[in-house]
Amino acid sequence: MESSESEKSESGRRVGLIYDERMCKHFNPYENQYHPENPYRIRSIWDKLQSAGIHSRCVIVDAKQADDKYLALVHTKKHIDLIKNISSKKLGSQRNRIASRFNSIYFNEGSTEAAYLAAGSVIEVAEKVAKGELNSAFAIVRPPGHHAEENQPMGFCLYNNVGITTSFLLDKRPELGIKKILIVDWDVHHGNGTQKMFWKDPRVLFFSVHRHEFGSFYPGGDDGSHIMTGEGPGAGYNINVPWENARCGDADYLAVWDHILIPVAKEFNPDLVIVSAGFDAAINDPLGGCCVTPSGFSVMSKKLMEFAGGRIVMALEGGYNLDSIANSVLACVEVLLEDKKITKTFKDYPFDSTWRVIQLVREELCPYWPILAEKLPEKLNSRKVPQIQFHGSDSEDEYDDDLQRVEAEENEKVVEDVIESLLKLKVDEQIHDNLSSASPPWRSKLSKIDVWYATFGSNMSRSRFLCYIEGGQTEGMRKKCSGSMDKSQPKETVWKTVPHRLFFGHDCTSTWGPGGAAFLHPESTEGDEAHMCLYKITLEQFNDVLLQENSSSIGATSPLFDASDLHSITDKQFISVEALKTGWYHNVVYLGKEKDIPILTMTCPVSEIESFKTGKLPLCQPCEEYANTLVKGLTESKGLSKEEAISYIKEAYSKAL
């Protein structure tokens, strides 16, 4: 039941809280297999607020299930029907198989109810804030929502709770006077679903700060890039701040607040602020690898209180360390109550990379927001990306002291091991390790089918390609490959020239750093010539290479490209792998046969070629290390001279599409 009218904070602010134990009925159906998105996340938050006495100073709002008509504002009927029926008995035997079709999703008997309650609860508190019945609110809900797209769940998210609520207020409650909404997504992962829902809508200023690492961090691809600024009437109303590295902390986030978000938000002047409040950027989170403290979240929240008369609705997204998530939510609710002064000062400076990203974002957005055209201060205090050891302490003071101690010790071997494990961590890595302990049946089947994998980029160098089979990295690579489950060497290697255009696109990669990456135009053109190194491998290995090439963390419970795809691609010429559509190389292309065995390669879809032609996606010269690897492959195996190899690569990146 809702608390009485007399129960307010000391400041007189009425802050709503929603929590409902029924949302804990959604949990991983695989017994004895840990999943980071579990019921203890919201229980730990609720227990923390109760032990701190916060709940008694807030207005407790009853959770409500969302109506389908409101879900339909952002989701397709097919998607709504899926979530509505997924917990029914008739789908019980098919539930896990259905879940395997999606990226990082599980279903059980409680999923439907939890998803409807999560979406409905955010609507409920947001409507009360819009009406003036509450000054602000925090919705402690799960499953989270910001990855869920119009027609599919993904990344632990079933319905897009914030997207639904935003459209509800703008389109179904115009009488409440909410005409402009600022969505701030500080979850460590990019809010791809929310971004797409308001891509062309100038009523919504969508702001996401997240680990991106040039498209290699979940959810992967270009959606989280700083160049993704909206389209049509929504151009300039989509702001992405993509971190280049892990370990960003309070100073990095607050620099972004001060130099991007706050100036633009003042110009936008929203009627309501909705925060996609994920806490996986918090210190000690097992998936995020960043270092934001509860005080950091409180300062970010305090700065947002300047807008819309303090009308803020926070909706829980990610966050997987139970102590960090509970302490961070407590800090945010205290800000909403305005009962506690914020006096914390921060010892660290932003990273060099943070200032670089801030400058890139400002340059991209200044045509839409002239305030961002102003120069940054000439002297910027910064620090190099530190080699620090993460630990389990909950104390911020201990964290500060430990940071100085570890930096002073320079214990490089231990630190590098810790950092490497963080950089390799993906959203659902632990679950997938558990699921893959027993090899699925498809692997045995596809291990008996041979294909030629045709390479046109750095994989032309055999030592580089073997990283995808054996695991590891070669000279110049910035990250390791995980390798294939079957680490058998290629059975044969041949070279072939095909009538396709080689070019270099994008301006940075997680593997090689700044510079373009190799792409093959999916369609053949008379007069074009591309050198291809063909490796004879199994279709099972091809699936593992396809996965690694797209930097994906999707599970391996089913093949991405199976025998039926191999049969149909001979007519279709290319097949886009939907499960990897955020990756750069999710388009599998058929190049004919060699010794009666199909030749396959992977590149961008035809639809992206126009973006490369217009400059929306940049063409760019490869970096030196990457180019040297291409030259190595062409000279050692193809037999070209070094001069011929360099000339071939130069023409590929300098000749217009």
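This is a predicted model: local features need pLDDT of at least 70, side-chain atom pairs count only at pLDDT 80 or more; totals for chains, interfaces and linings use all residues.
The secondary structure of the protein amounts to 21 helices and 18 strands. The protein has 657 residues, of which 61% count as buried. Among contacts between residues at least 6 apart in sequence, 76% join residues at least 24 apart.

An open sheet is built from six strands in the order 10-15-9-18-17-16, and its pairing is mixed. Strand 10 (493-498) and strand 16 (574-576) form the edges, each pairing on one side only. From one strand to the next, the twist averages 30°. Within this sheet, strand 17 (residues 587-594) and strand 18 (residues 597-603) run antiparallel and are joined by six bridges. Lys593 is placed opposite Pro598 of strand 18. Helix 18 (residues 563-572) lies across strand 9 (450-455), strand 16, strand 17 and strand 18. The direction of helix 18 is at about 120° to strand 16.

A further antiparallel pairing links strand 11 (residues 502-505) to strand 14 over four bridges. In this pairing, Gly505 stands opposite Ala517 of strand 14. In a regular strand, side chains alternate between the two faces of the sheet. Strand 14 (residues 517-520) is covered on both faces. Ala517 and Phe519 are buried on one side, and Ala518 and Leu520 are buried on the other.

Helix packing is illustrated by helix 16 (residues 462-470) and helix 17 (residues 539-549), whose axes come within 9 Å and cross at roughly 105°. An angle of 65 to 115 degrees counts as roughly perpendicular, and helix 16 and helix 17 are therefore roughly perpendicular to each other. Helix 16 contributes Phe465, Cys467, Tyr468 and Ile469 to the contact, while helix 17 contributes Gln541, Val545, Gln548 and Glu549.

Aromatic side chains form 24 pairs in the structure. In one of these, the ring centres of Tyr70 and Phe168 are 4.8 Å apart and the planes stand at 75°, so the pair is edge-to-face. Tyr70 belongs to helix 2 (residues 68-71) and Phe168 to helix 6 (residues 161-172); the pair therefore ties together parts that are 98 residues apart in sequence. Both Tyr70 and Phe168 are buried.

Phe279 and Phe297 make an edge-to-face pair as well, with 4.8 Å from centre to centre and 70° between the planes. Phe279 is located in the loop between strand 7 (272-277) and helix 9 (294-304), whereas Phe297 is located in helix 9, so this pair ties together parts that are 18 residues apart in sequence. The relative accessible area of Phe279 is 1%, and this residue is therefore buried. Phe297 is likewise buried, with a relative accessible area of 1%. Phe279 and Phe297 are members of one aromatic cluster, together with Phe138, Trp186, Phe207 and Trp257.

Charged side chains are also placed over aromatic rings. Arg43 lies over the face of Tyr40, at 5.6 Å from the ring centre. The charged end of Lys180 is positioned over the ring of Phe268, at 5.3 Å from its centre.

Note on methods:
Residues are numbered from 1 along each chain as its sequence is written. Side-chain values use heavy atoms; hydrogens and water are left out. Rings of Phe, Tyr and Trp (its six-membered ring) pair if their centres lie within 6.5 Å; planes under 30 degrees apart count as stacked, over 60 as edge-to-face and the rest as tilted. Helices (H or I, at least four residues) and strands (E, at least two) are DSSP runs, numbered from the N terminus. Buried means under 20% relative accessible area, exposed over 50%, partly exposed in between (1.4 Å probe, protein chains only). A charge sits over a ring if NZ of Lys or CZ of Arg is within 6 Å of the ring centre and within 35 degrees of the ring normal. Two strands pair if DSSP finds at least two bridges between them. Axes are lines fitted to C-alpha atoms, for helices over the stretch in contact, and angles run from 0 to 180 degrees between N-to-C directions. Contact means heavy atoms within 4.5 Å. Angles under 35 degrees count as roughly parallel, over 145 as roughly antiparallel, 65 to 115 as roughly perpendicular and the rest as oblique.
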